[in-house]
Amino acid sequence: MMCEDCGIRPAKFHLMTIINGDRVERNLCPTCMAKHQKQIPGIDFSNLAGILNSILENRGSRESERDDAEYEALVCEQCGMTYAEFHKCGMLGCANCYQAFKTPLNALLQRVHGNTQHAGRVPGGVHSGTSIRMNIDRLKQMLQKAIKDEEYEQAAKLRDTIRALSIQLDRKESDIKVRPHERLENNGEGADDNV
Amino acid sequence: MYEYVLAPEQDVVISSRVRLSRNYEDLPFSPKLTPEYSEEVIERTVDAVFKTENGSAFTLLRMSELEEDARSRLVEHHLISYDLLKFVNRSAAMVSSAGTVTVMLNEEDHVRFQGLLPGLQLERSAEMALKLDEALETRYPFAFDHQWGFLTACPANTGTGMRASVILHLPAMSANGQMGAVMQTIAKLGLTIRGLYGEGSEAQGHLYQLSNQATLGRSEEDVIHALTGATNQIVEHERSMRESVEKKDMLQLQDRLMRSWGELMYARLMTAKEFMTRYSDIRYAASMGYLHAPLPGLDTLMMDVQPGSLGVRAGKLISPRESEILRAKILREELQALVAE
């Protein structure tokens, strides 16, 4: 089971808190657990989580840890970060790490986000229908390639994303057509320091 | 008769914030960031931001050059994240004069753009952050991958790199023991809700933060849309709860809430924790029309009497007792002025 806070590290703690009389239960990794505990005034738990973590780390019996162990030796040629190092600190060393750790990262991103395909804006696109249209075009090309390579699972995912983006684009365009005066009003009001 | 302008849904939604995480594609990320590279991040960003249309409205604040109270004050006013202070030696922030746009530098990612507005205004907050993002990317490209989107130091932000959130004041729902159920429902929508202050044991001041969880696989518009929808539902629920409590016994509700006003008007020592309870009560009272105080003023005052902000105001290091005295004094004076407006 993954941590419900960061979604990156395996959960090793079960935290039960009472928030204004309601019981809230969460499964957390040692890092996020330490964050939560730090916020309980008067008690310093930060070390406790560390100690427990080192004990649990030695057991190394969790499934996801075993999976990750296969990749621990991977190294990013650009910044020198190893997958083991990333596993420990939860942060990547440079843009190239994403390529260097592609396989385990893809699995991790799927776990964290439930998805591995970006559906938002792309650089160079304007924050409007343009970026969505550019995305759709790009995804359509990827879809053709996936079909050609007989990667049908990937193709199905791409098709769903294209469909979702098309709906969004339609909504956006009808929005602009239907409410031009509202948009003008909104843009004009207030003295925000828009840049 | 007095009047003041309320932001959308401000009776329940205190503020809306959108943060975008970006990294320069040719520089190492946080764990491998040397002092030279972090300086390069600051130089590039400052240069690019100052060259934007309203660039002159920004002030650069290097965290290493600020006193501890001044840093805390920025966190308390939501201008920077608490995490920015983890990297005090290298981190900086560019803050716009109106305080609605901030650029954080050398936090977990090279650059984090933030748009912050009162009430429920997620779309406009996002537009503010995205506008800066677009202006900067033309000068120095950000790390981007066609499959994974914007590449961030922590994979939890990969994709849009966008965290959108609202701060909610939910006294009636909290009192009715409904927050547990709300938290369970919210999780199913890919959103997360937590206490804003005093996390771990209780949500002080009945303040909660609702934000998106995933950043990969959903567009910016989609996330903003979902979060706004969920917020609107919570707002409706909180309002109907407040109304039903009023309907049940208005006098008792007024009595309970207005006693907090009395405490604030006459107390000589006020702890931060007690203040949050009283603030929640008078904000609730003001939203119901029992107390004629402007909500935006109450919210600003709430941030102004947090520990760091008090220290900045005192202009020196103060003891816990001194800060309790100062907090009580500021509250007496400024609340009086707020109702007199």
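**Figure 1. Helices α8 and α9 of chain B meet side by side in this predicted model.** From α8(B), the residues B:Tyr279, B:Ile282, B:Arg283, B:Ala286 and B:Ser287 meet B:Leu295, B:Leu298 and B:Met302 of α9(B). Here, two residues are in contact if their C-beta atoms, placed from the backbone, lie within 7 Å. Helices (H or I, at least four residues) and strands (E, at least two) are DSSP runs numbered from the N terminus. Two packed helices are described by the angle between their axes and the distance between the axes. For α8(B) and α9(B) (residues 295-304), the angle is about 170° and the axes are 10 Å apart. That makes α8(B) roughly antiparallel to α9(B), a label for angles over 145 degrees. Axes are lines fitted to C-alpha atoms, for helices over the stretch in contact, and angles run from 0 to 180 degrees between N-to-C directions. By class, this contact has six nonpolar, one polar and one charged residues. Ala, Val, Leu, Ile, Met, Phe, Trp, Tyr, Cys and Pro count as nonpolar, Asp, Glu, Lys and Arg as charged, and the others, Gly among them, as polar.

A note for all views: residues are numbered from 1 along each chain as its sequence is written, while chains are lettered from A and ligands numbered from 1 in the order in which they are written. Because the model is predicted, local features need pLDDT of at least 70 and side-chain atom pairs count only at pLDDT 80 or more, whereas totals for chains, interfaces and linings use all residues.

**Figure 2. Helix α7 of chain B packs against α8 and α11.** Spanning residues 250-266, α7(B) has 17 residues and reaches 24 Å from its first C-alpha to its last. That is close to the expected 24 Å, taken as 1.5 Å times one less than the number of residues. Look for B:Leu257, B:Ser260 and B:Leu264, the buried residues of this helix. A residue is buried if 20 or more other C-beta atoms lie within 10 Å of its own, with C-beta atoms placed from the backbone. These buried residues pack against α8 (272-287) and α11 (320-340) of chain B.

**Figure 3. B:Ser16 sits in strand β1 of chain B.** The strand covers residues 13-22, and B:Ser16 is buried there, with 28 other C-beta atoms within 10 Å. Leaving aside neighbours within four places in sequence, its contacts include B:Leu117, B:Gly119, B:Ser125 and B:Val166. B:Leu210 is 194 residues away along the chain, yet its C-alpha atom is separated from that of B:Ser16 by 9.7 Å.

**Figure 4. B:Glu108 lies in the loop between β4 and β5 of chain B.** B:Glu108 counts as buried, with 24 C-beta neighbours inside 10 Å. Beyond its neighbours within four places in sequence, B:Glu108 is in contact with A:Met91 as well as B:Ser30, B:Asp83, B:Ala153 and B:Cys154. B:Ser21 is 87 residues from B:Glu108 in sequence and 8.7 Å from it, C-alpha to C-alpha.

**Figure 5. Chain B touches chain A.** The contact takes 64 residues from chain B and 46 residues from chain A. On the chain B side, the elements giving two or more residues are α3 (122-137), β6 (144-145), α5 (179-188) and α6 (220-248). Helix α3(B) gives the most, with eight residues. By class, this side has 25 nonpolar, 24 polar and 15 charged residues.

Methods: A residue is buried if 20 or more other C-beta atoms lie within 10 Å of its own, exposed if 12 or fewer, and partly exposed in between; C-beta atoms are placed from the backbone. Angles under 35 degrees count as roughly parallel, over 145 as roughly antiparallel, 65 to 115 as roughly perpendicular and the rest as oblique.
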